[in-house]
Amino acid sequence: MNPLSGTLNEVRSVVLLKDLLTGERLTAVQALALVQCDDIAALTEAAGALRDQHHRNVITYSRKVFIPLTQLCRDVCHYCTFAQTPRHIPQPYMDIQQVLDLCHQGAEAGCQEALFTLGEKPELRYKAAREALAELGFATTLDYVQHVAERVLNETGLLPHINAGCMTAEEIAKLRKTSASMGIMLESASPRLCEKGMPHYGSPDKDPTVRLKTIELAGEAAVPFTSGILIGIGETRYERIESLLALRQLHDRFGHIQEIIVQNFRAKENTRMSQAPEPDLDELLWSIAVARLIFGAEMNIQAPPNLSPGVLPQLIDAGINDWGGVSPLTPDHVNPEAPWPHLDNLTRETATAGKFLDQRLTIYPAYVCNPERWLDNAVRPAVLELSDSEGFAKRDTWTPGDAQSMTDAAIASINNPVGLNTVSPDIVAIVTRCESKETISEADITRLFESRGPDFFYVTRHADMLRQQVNGEQVSYAVNRNINYTNVCYYKCQFCAFSKGKASENLRGRPYDISAEEIARRCQEAWRRGATEVCMQGGIHPDYTGQTYLDILQTVKSAVPNMHIHAFSPLEVWQGAATSGLEVEEFLRQLQKAGLNTLPGTAAEILHDEVRAKLCPDKLNTSEWLEVMEAAHRVGFKTTATIMYGHIERPVHWAAHIMHIRQLQQRTGGFTEFVPLPYVPMEAPLYLKGRSRRGPSLREAVLMHAVARLALHGLIDNIQVSWVKMGEQGIAACLNAGANDLGGTLMNESITRAAGASYGQEWPPEVMETRIRELSRVPRMRTTLYDDASEERFETAFKAAGLQKIENSAAGKHQRSKRLENLAPLSVLNI
């Protein structure tokens, strides 16, 4: 019996949004007192509000393949139909090829989890299991599990989640090398259920002490772990709370329990409990709400949707934030009488409760975002491959720069879901402040980047409204030529496939260092083809000095005096100043005097030193990049600003980056445009080593342009979308989410193609204008500083001849001269 006493009003004072919703955690005594509370409405109201503090409007699920590797089990739980005897199944263990075939089918269906479910150590009970394992070449069931999970991970890309029952520390350590997460249902911490006549009698692995020890060992091994309770099998409410508190105590020690499942007992035919009463809906709602109140806002509380058809919105109202694994391919082998809901129906029922259904991996987002602690090195690459910047599932297969990956499914991932229009009040408030040009915080920008579902569509729609207000229906572009004068670089940026050094000789292309004559030829050809700008950047060649950059300027101005020179990243400026023995500002004045017109704001990557320490540790740090840009603005240069995103960083880093740009623009007004550059991973060293994500999701790419429009409103009027990275459909999505500019025609594009992109080297003016008009927008050819291009440049650009083949001369130890000694007279060249 419950030894505690207390009035119902005292319990309600804990529940009714008073102590709980001010961040107060229930003590064990308070939690146990909840047993007296029968006010389901009060409990669920408190639990739902607590859940929303952390999980907001998102309910998650994992798209999985269910693998019943063996249904043999040494235990005899009285409610279970999963466990079978050898004579009732065709084979003791699934063959490895069966498993792989199933997982390949699952991958094609969009699954990302391989759920391994099996009976407890059947070889300890059945000779058939021992013989089957010997024939397969394994001593134990868990040895076989480890082997099969490793094959699944390496050959199908699905992430194994292993429910292997009670384990030793050694067994957990072995399985950690091949799985992203594991789990064991505590079911109940009450030893009473193991007594004769109770459901766990005769099942040694259901001893709660043994199961809790497995959960403890998983915590010591830093395994993201799933557990929970099974309600309605003869336990009392008081025992349920004791079970939840036992799990909470372990989670407090290790932080490893990633979800608590509240599963309702379902009576099954041909079991000893076939006639046992099932818990009613109120009992389930009470248990869910109590689990939420005990564990707090952040814990993931799950209820299987197939066990409660018709009442799913009520389960959401009670405090869950997750539906668990749902398979479009395989049945629930533990509850075969209860089919999974179709995902479209699950989406609609979730929307009925005012929530957005989003996909997660088998390992929850908070654990994905801390892979050094929670994942074995062998598993991390697969998790990164499938995750987005917040640790959710990357729901599309789109990869920046890859034309083949922009599928209908990718486009569908950014379409507005039917039936859900509820927007989070804080999102509305932040957007309103942006529109009114009020002060916003870094936390506000982070929150915008976390928008999902209807919040995402609200953000993108309002960004597009601002674009229309500021830029009208015009979409601008410039006719320019990219000239990357060398790909030799002694910096070791982990994302770069363009630069060539001793450690990157296996990547695309050979080291080159072009001559002054080739620079001049390309500039003259660009002018003949209608260009108003040459954009010039390169690697940091060890023999380059500040004089090199001055010589490049002299060569361009000698070749084409009227060409606008947009050149030299902040890193090149910093290196040029250092090798000249000058302060940055003085070197910038020298560049200005030599003919430099504007600077690209590249080499920014992510303006957050936590990220830069891993991404580009020997490059400029955040303050140094900002120092160069601010000095350039003081001298009188206009510059662009960029961000390169989708690799190892998180939304909080994006927000810090944009805040730096925003604050500098408030001081100087020197930025002409903001250019989001999605990470192109295919040939990037960081990706090839399995240490980065596979670029941003399409949702994230669209959101980057939208948030930039909102956060920089009134400060930077032009948001550019990169056609060479986003492609035709990608730019269409971004132009409808705040972007207004397509950048340059390029003529030659080297850096993104070196990373593996396939969209080509040039979009000539006729292609630009066709693409823009297809979107019912008005094309505008512009200059670097956003003035209209002259009529002469416009006409010349549309009469351009084909490009001649470029010549990238092989690089040597010493640089090729960038000073032009002999140049044919301009009159002879008809420039």
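Start by selecting Phe568: this residue is buried, with a relative accessible area of 1% (buried means under 20%, exposed over 50% and partly exposed in between, using a 1.4 Å probe and protein chains only). Before you click on, note that this is a predicted model, where local features need pLDDT of at least 70 and side-chain atom pairs count only at pLDDT 80 or more, while totals for chains, interfaces and linings use all residues. Residues are numbered from 1 along each chain as its sequence is written, and side-chain values use heavy atoms, with hydrogens and water left out.

Now check the backbone of Phe568: phi is positive, about 75 degrees, although the residue is not a glycine. You'll find Phe568 in the loop between β13 (564–567) and α22. Helices here are DSSP runs of H or I with at least four residues, strands are runs of E with at least two, and both are numbered from the N terminus.

Next, select 570–580 and 584–594, which are helices α22 and α23. They pack at about 100 degrees, with their axes 9 Å apart, so the two are roughly perpendicular. Axes are lines fitted to C-alpha atoms, for helices over the stretch in contact, and angles run from 0 to 180 degrees between N-to-C directions. As for the wording, under 35 degrees is roughly parallel, over 145 roughly antiparallel, 65 to 115 roughly perpendicular, and the rest oblique.

Show side chains for the contact (heavy atoms within 4.5 Å). From α22 come Val573, Trp574, Gly576, Ala577 and Ser580, and from α23 Val584, Phe587, Leu588 and Leu591. That gives seven nonpolar residues, two polar and no charged; Ala, Val, Leu, Ile, Met, Phe, Trp, Tyr, Cys and Pro count as nonpolar, Asp, Glu, Lys and Arg as charged, and the others, Gly among them, as polar.

Hop along to Ala603, in the loop between β14 (598–599) and α24 (609–615). Here's another non-glycine with a positive phi, about 65 degrees, and Ala603 counts as buried at 10% relative accessibility.

Last stop: the sheet. Select β17, β10 and β18, which form an open sheet in that order with parallel pairing (two strands pair if DSSP finds at least two bridges between them). The edges are β17 (741–744) and β18 (778–782), each pairing on one side only. Neighbouring strands are turned by 20 degrees on average, direction ignored. Five bridges join β10 (474–478) to β18, and Val475 stands opposite Pro779 in β18.
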